[in-house]
Amino acid sequence: MVSIIVRGLDESVKSQLAAQAKEHGRSMEAEVREILTRSVCRPHIGLALMQAARDVGGVDDLPVPERTDAARAVDFG
């Protein structure tokens, strides 16, 4: 296992972490480990949205209105 040191952490952040750890019934170190693990293991937003759509029955039968307008050039000037 790897260890890291975080310098310059605000005392208020440390206090909030301690309170959150207590609320979850674990040590502050375990709380920080959980927060870091969750933050780097987030699902791809596109895949998460696709799964959410599947979970509620999919989107295959949703009506898609036909476009009747023409594409326009963008003027950045």
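A salt bridge is counted here when a side-chain nitrogen of Lys or Arg lies within 4 Å of a carboxyl oxygen of Asp or Glu. The model is predicted, so that local features need pLDDT of at least 70 and side-chain atom pairs count only at pLDDT 80 or more, while totals for chains, interfaces and linings use all residues. Residues are numbered from 1 along each chain as its sequence is written, and side-chain values use heavy atoms, with hydrogens and water left out.

Begin by selecting Arg-38 and Glu-34, whose side chains meet in a salt bridge at 3.2 Å, N to O; both lie in helix H2, 4 residues apart, about one turn of the helix. Helices are DSSP runs of H or I with at least four residues, numbered from the N terminus.

Next select Glu-29 and Arg-33, another salt-bridged pair, with the closest N and O atoms 3.3 Å apart, and likewise 4 residues apart in helix H2.

Glu-31 counts as buried at 0% relative accessibility, whereas Arg-26 is partly exposed at 33%; buried means under 20% relative accessible area, exposed over 50%, and partly exposed in between, with a 1.4 Å probe and protein chains only.

Finally, display H1 (11-24) together with H2 (residues 28-40), which pack at an angle of about 95° with their axes 8 Å apart. Glu-31 of H2 also takes part in this contact, as do Leu-17 and His-24 of H1, among others, contact meaning heavy atoms within 4.5 Å.

Notes:
Helix = DSSP H or I, 4+ residues; strand = E, 2+ residues; numbered from the N terminus. Axes fitted to C-alpha atoms, helices over the stretch in contact; angles between N-to-C directions.
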